[in-house]
Amino acid sequence: MLKPHLTRDSAEQYILGALAPEKAAALEAHTLECEPCAVLLQEEALLSEQLTEAASTFPQEERVIRPAAWHARRAVTGAAIAALAAAASLALVLLTGDKAPHPSLPDSLDSRPPMVAVDLDDGDSPTKTNVVACPDLATQDFCTRKAAERGLLVMNPGGTAEVPRYEAHTGLPEGALSARQPVSL
Amino acid sequence: MEASRGTDEESLSRKALAGDRGAWDALVARHHRRVVVSLLARGVRVDRAHELAQETWARLIQQQQRGLLTELRLPNLALTQAAFLAADDARRVRRESISGAVEELPERQHPVDPSVSAERRLLSEEQLSRAHAALAQVSPSARSVFLLACDGQELPHAEVAAKVGLSVQRVRQILCEVRKKLRTALEEETHA
């Protein structure tokens with residue numbers, strides 16, 4: 001038994017199919033004569049089987065195969081985008097610096113809650129110009145109040161919110177056209 | 001990439017089922033090593049592992065020619081056939097040694113108990129999660145290489161290298177590094 005014993009590396013290379021054919025043949029011949037090396041080869045084969053099991057059961061969402069250069073490109077792209085964004089911000093500040101009285105608060109900033117105009121096909125219903133929706137639950141109360149002040153109807157998607165009374169905001173004196181009780185003319 | 005690989009495998013399997021010898025050759029070339037490694041993992045001697053792997057393919061082709069194969073899912077079908085042949089081989093060795101005690105045979109020629117081998121080969125849930133955790137810690141590119149090469153579909157290293165844009169040598173180096181990490185993770189669990 002003059003051939004050298006297997007190392008874990010050589011056994012691994014054999015299992016991976018990375019050995020040249022003549023080296024692989026020599027390794028195989030050695031394991032037929034050397035019990036410890038045969039056991040070493042079996043251990044590597046067993047590990048290979050177990051790793052195949054581990055790889056085939058690895059969570060699918062993690063298994064995004066990308067070229068190796070992807071990650072480097074991604075980092076470079078991220079850095080380039082950040083640099084462009086910084087340059088754009090700087091240019092914006094320099095160009096508008098003398099006009100803006102409050103640089104920290106842009107003119108275009110609108111703090112009003114979102115309102116969505118609702119298109120109603122029904123001819124008897126109010127026209128779309130005086131119906132709004134307040135879909136944002138966080139600002140629904142404010143939205144509803146502001147809509148009521150402007151004499152608009154509020155269409156609530158859930159149908160649970162209070163709809164402001166339209167006649168209460170027509171500008172007529174309170175009670176003049178009360179719906180709660182008869183009005184003497 | 002995965003889809004084209006799957007389509008290629010399906011196309012080869014369909015042709016092999018239709019009796020295309022070239023398709024069989026391509027499938028054997030692709031999966032033969034996996035079959036040999038699975039037999040080695042069961043404790044079969046390397047020379048016998050090669051013989052059994054050859055016999056595995058011969059049996060499958062024979063079954064196809066007799067019209068007994070309705071579908072061809074590789075490498076699983078070949079691995080199952082090889083495991084059956086290994087168990088049969090073990091029984092034959094035991095029968096032949098009936099005149100003398102099995103213990104008198106050289107250790108490497110002891111019959112392989114398929115059930116024991118199967119238990120040894122399967123990872124426990126805990127080992128599996130430990131392996132997954134170790135795999136999640138390697139770099140994304142190394143993980144991609146490992147998953148492409150070792151997910152059981154037997155993608156050749158040259159194809160893995162082409163897909164990820166690395167050299168074959170670098171792919172093998174990465175595989176060895178990942179194997180080392182996973183081996184450590186599995187051994188830690190075993191010794192715990």
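This is a predicted model: local features need pLDDT of at least 70, side-chain atom pairs count only at pLDDT 80 or more; totals for chains, interfaces and linings use all residues.

Biologist: How many helices and strands does chain B have?

Modeller: Chain B contains nine helices and zero strands. Read from the N terminus, its elements run α-α-α-α-α-α-α-α-α.

Biologist: What share of the residues in chain B is buried, and what share of its contacts with a separation of 6 or more joins residues 24 or more positions apart?

Modeller: Of the 192 residues in chain B, 32% are buried. Among contacts with a separation of 6 or more in that chain, 58% link residues 24 or more positions apart.

Biologist: Which residues of α4(B) are buried?

Modeller: They are Ala78(B), Gln81(B), Ala82(B), Ala83(B), Leu85(B), Ala86(B) and Ala90(B).

Biologist: How is a pair of packed helices to be described?

Modeller: One states the angle between the two axes and the distance between them. In chain B, helix α7 (residues 140-150) packs with helix α8 (residues 157-164) at an angle of about 145 degrees, and their axes are 10 Å apart. The crossing of α7(B) past α8(B) is right-handed.

Biologist: Which residues of α7(B) and α8(B) meet?

Modeller: From α7(B) come Ser141(B), Ser144(B), Val145(B), Leu148(B) and Ala149(B), which meet His157(B), Val160(B), Lys163(B) and Val164(B) of α8(B). By class, this contact comprises five nonpolar, three polar and one charged residues.

Biologist: How many residues of chain A and chain B are in contact?

Modeller: On chain A there are 34 residues in contact with 41 residues of chain B. Helices α1 (8-16), α2 (21-33), α3 (35-56) and α4 (69-96) of chain A each supply at least two residues to the side touching chain B. The most come from α3(A), with 16 residues. By class, this side of chain A has 17 nonpolar, nine polar and eight charged residues.

Biologist: Which feature does UniProt place at residues 13-38 of chain A?

Modeller: The UniProt record, an unreviewed entry, gives "domain: Putative zinc-finger" there. In the model, residues 13-38 of chain A are 81% helix and 0% strand, with the end C-alpha atoms 15 Å apart.

How values were computed:
Residues are numbered from 1 along each chain as its sequence is written. Chains are lettered from A and ligands numbered from 1 in the order in which they are written. Axes are lines fitted to C-alpha atoms, for helices over the stretch in contact, and angles run from 0 to 180 degrees between N-to-C directions. Helices (H or I, at least four residues) and strands (E, at least two) are DSSP runs, numbered from the N terminus. A crossing is left-handed if the near helix is turned anticlockwise from the far one by less than a right angle, and right-handed if clockwise. Two residues are in contact if their C-beta atoms, placed from the backbone, lie within 7 Å. Ala, Val, Leu, Ile, Met, Phe, Trp, Tyr, Cys and Pro count as nonpolar, Asp, Glu, Lys and Arg as charged, and the others, Gly among them, as polar. UniProt positions are given in the numbering used here, feature names are shortened, and annotations may be inferred rather than shown by experiment. A residue is buried if 20 or more other C-beta atoms lie within 10 Å of its own, exposed if 12 or fewer, and partly exposed in between; C-beta atoms are placed from the backbone.
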